[in-house]
Amino acid sequence: MQISSIIRRAVAGVAAASMLVAVAACGTSKDNKTAGGEGGGTIEVVASINQWGSVAKDLGGSHVDVTNIMTKTNVEAHDYEPTSQDVAKFGTAKVAVVNGADYDPWASKAASATKATMVTAAETAGIKEGDNPHVWFSAKVRNNTADAITAAYQKADPSHKDDYAKLNKEWHAKEDQLESKIKDASAKTKDVPYAATESVAWYLADDLGMKDATLTGYAQASANESEPTPSDIKAFQDVLKGGSIKMLVFNTQEANSTTDQITGAAKSANVPIVELTEQMPKEYTNLLDWMSALVDQFAKA
């Protein structure tokens, strides 16, 4: 991991930790938005990233008020430095939805200091720190997280238990449609060797039956947030030029001089490039719609 990244994480951790006492003190609702079933108002929900926030909104409908901390694609949660206002938002939440797997540790720390029921997406599928944290790309994690959010709502607001069950069923119907689309697309993508500038979409590619052929040295450097060696970069360029890689997945949120070299080699070799981001782009308000659009990109590449 790069020293700069370590420093950013440390700063984020200190910022979150410094607010824990204040957050805990703010845990009592000051208005009906956090009252849930107890006061007849809406459940206040805080999500660390917008993709999980969209799921939380779909599953709660008019019974929830969802606040997303991260909504832009110009910074990733790994390096996000929360403000005191960001951390304080967890203080009045009845339900907090975080990603986990060390993707948003600042959010997990803030939420754990409150009385909010915390849903950690990665944990719903047994994914832990050190594993690939981009779990919203996984059909299994999406399904498990949706059910965990619904359970949290029913606990916080039992008077609307049936409403949450209905919304959960409707959400799963849409997820089923997405998974059917993934299955259909896999007829074209199954066993297709691809490489990635970063393993952000690994779970989606795996659901599509694709084979990750990213060179080990480069992949390890990327996972550790360190710079690949010149020989790793050259080897990546050579394998793209050799024709064995049929698709390059490029995380534009992490574009730099190294990825410029990799994408340049792909373009020279006419290797199709699928561009995507980690955070949900602003043109989407629904995680499943975003995933569906990405499946189309993979199938057409």
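This is a selection-by-selection tour of a predicted model.

Residues are numbered from 1 along each chain as its sequence is written, and side-chain values use heavy atoms, with hydrogens and water left out. Because the model is predicted, local features need pLDDT of at least 70 and side-chain atom pairs count only at pLDDT 80 or more, while totals for chains, interfaces and linings use all residues.

**Stop 1**

Helices (H or I, at least four residues) and strands (E, at least two) are DSSP runs, numbered from the N terminus; two strands pair if DSSP finds at least two bridges between them.

Next, select strand 1 (residues 43-49) and strand 3 (residues 95-98), which run parallel and are joined by three bridges. Which residue of strand 3 is the bridge partner of V46? The partner is A96.

**Stop 1: D58**

Stay on helix 4 and select D58, which is found there. At 28% relative accessibility, D58 counts as partly exposed. The scale is as follows: buried means under 20% relative accessible area, exposed over 50%, and partly exposed in between (1.4 Å probe, protein chains only). Leaving aside neighbours within four places in sequence, D58 is in contact (heavy atoms within 4.5 Å) with L167, W171 and N286. Draw a distance between the C-alpha atoms of D58 and L167: they are separated by 7.2 Å, with the two residues 109 residues apart along the chain.

**Stop 2: salt bridges**

How many salt bridges does the structure hold? There are four, counting a side-chain nitrogen of Lys or Arg within 4 Å of a carboxyl oxygen of Asp or Glu. Three of them can be visited in turn.

Select E175 and R142, whose side chains meet in a salt bridge at 3.0 Å, N to O. E175 lies in helix 8 (residues 161-189) and R142 in helix 7 (residues 139-156), so the pair ties together parts that are 33 residues apart in sequence. Are these residues buried or exposed? E175 is buried, with a relative accessible area of 0%, and R142 is buried with a value of 0%.

Select D296 and K181 for another salt bridge, at 3.0 Å, N to O. K181 is in helix 8 and D296 in helix 13 (residues 287-300), so this pair links parts 115 residues apart in sequence. D296 is partly exposed at 29%, and K181 is partly exposed at 27%.

Then select K234 and D238, which meet at 2.9 Å, N to O. Being four residues apart in helix 11 (residues 230-242), they are separated by about one helical turn. K234 counts as partly exposed at 49%, as does D238 at 38%.

**Stop 3: helix 12**

Select helix 12 (residues 257-268). Its end C-alpha atoms are 17 Å apart, which agrees with the 16 Å that twelve residues should span at 1.5 Å a residue; the expected span is 1.5 Å times one less than the number of residues. Colour T258, T259, I262, T263, A265 and A266, which are buried. They cover an arc of only 155° around the axis, which puts them on the same side of helix 12; the arc is that of the directions from the helix axis to the C-beta atoms. These buried residues pack against helix 10 (216-223), helix 11, strand 7 (247-251) and strand 8 (273-276). The face turned away from the buried side carries the exposed residues S257, K267 and S268.

**Stop 4: two positive phi angles**

Most residues other than glycine have a negative phi. Select D191, which is not a glycine and has a positive phi of about 70°. D191 lies in the loop between helix 8 and strand 5 (193-196) and is partly exposed at 41%. Finally, select E225, in the loop between helix 10 and helix 11. The phi of E225 is positive, near 55°, and E225 is buried, with a relative accessible area of 17%.
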